[in-house]
Amino acid sequence: MAENTMAVTVAYGSTKHNITLTAQDGHEPLLKDLCEALTEATGVPVPSQKVIFKGKSLKEMEEPLSSFGIKQGCKLMMIGKRNSPEEEAELKKLKDIEKSVEQTAKKLEKVDGELTGLKNGFLAKELQAEALNKLDHRVKVASEQFMKILEEIDGMSLPESFSDCRMKKKGLAKTVQGFLAQCDKIEAGISDHLAKIQTKNLALAE
């Protein structure tokens with residue numbers, strides 16, 4: 001067994017789960033990695049988990065397992081409640097929305113990259129205005145998509161008890177708001193560059 005891999009046994013109810021963790025980027029497995037693996041194995045979301053080792057509840061997510069004295073072959077225990085099927089269905093909706101956010105963010109990233117290229121003069125001056133207008137249109141489309149996504153998130157009505165869902169919803173809304181702010185920033189950059197080109201063209205015309 002490679003030293004950056006660790007196998008432990010976790011008892012959950014009457015079931016024992018053999019969990020094998022592999023270190024990421026050469027770092028040893030963290031408590032967070034174990035909890036995420038337990039979610040996969042048991043369906044219990046991380047915030048609802050209580051992982052116990054030698055009678056002690058483990059809380060520091062970013063700490064390596066070795067710092068708690070956990071070694072290869074150790075036995076741990078977990079208590080926690082699975083989400084209801086209703087909450088799982090809402091979580092799935094949020095995961096689908098998350099995918100849409102990622103796809104739209106990639107499009108925005110592309111526009112940002114092309115705008116940087118234009119500013120660095122990678123296109124003949126006479127073609128820049130047309131290219132900038134096209135970029136502006138693409139940013140507006142991305143912005144509209146983010147607005148629709150935000151409306152969809154805001155429209156989700158979640159009961160108080162769906163804590164996992166509510167947390168994910170809040171985080172997702174914050175992410176989308178951040179991307180909307182980025183859209184505004186890119187649009188301002190495009191307008192700014194267009195104004196510079198038009199000023200130069202006027203000066204040349206005179």
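A salt bridge is counted here when a side-chain nitrogen of Lys or Arg lies within 4 Å of a carboxyl oxygen of Asp or Glu. The model is predicted, so local features need pLDDT of at least 70, side-chain atom pairs count only at pLDDT 80 or more, and totals for chains, interfaces and linings use all residues. Residues are numbered from 1 along each chain as its sequence is written, and side-chain values use heavy atoms, with hydrogens and water left out.

By this rule, the model holds ten salt bridges. Three of them are listed below, among them the pair Glu114 and Arg138.

| Salt bridge | N to O distance |
|---|---|
| Lys134 and Glu130 | 3.5 Å |
| Glu114 and Arg138 | 3.0 Å |
| Lys196 and Asp192 | 3.8 Å |

Helices are DSSP runs (H or I, at least four residues), numbered from the N terminus. Lys134 and Glu130 stand four residues apart in helix α3, a separation of about one helical turn. Lys196 and Asp192 are likewise four residues apart, about one turn, in helix α4 (residues 163–205).

The salt bridge between Glu114 and Arg138 links distant parts of the chain: Glu114 belongs to helix α2 (residues 85–119) and Arg138 to helix α3 (residues 125–154), 24 residues apart.

Lys134 is exposed at 52%, whereas Glu130 is partly exposed at 46%. Glu114 is partly exposed at 34%, and Arg138 is partly exposed at 33%.

Note on methods:
Helices (H or I, at least four residues) and strands (E, at least two) are DSSP runs, numbered from the N terminus. Buried means under 20% relative accessible area, exposed over 50%, partly exposed in between (1.4 Å probe, protein chains only).
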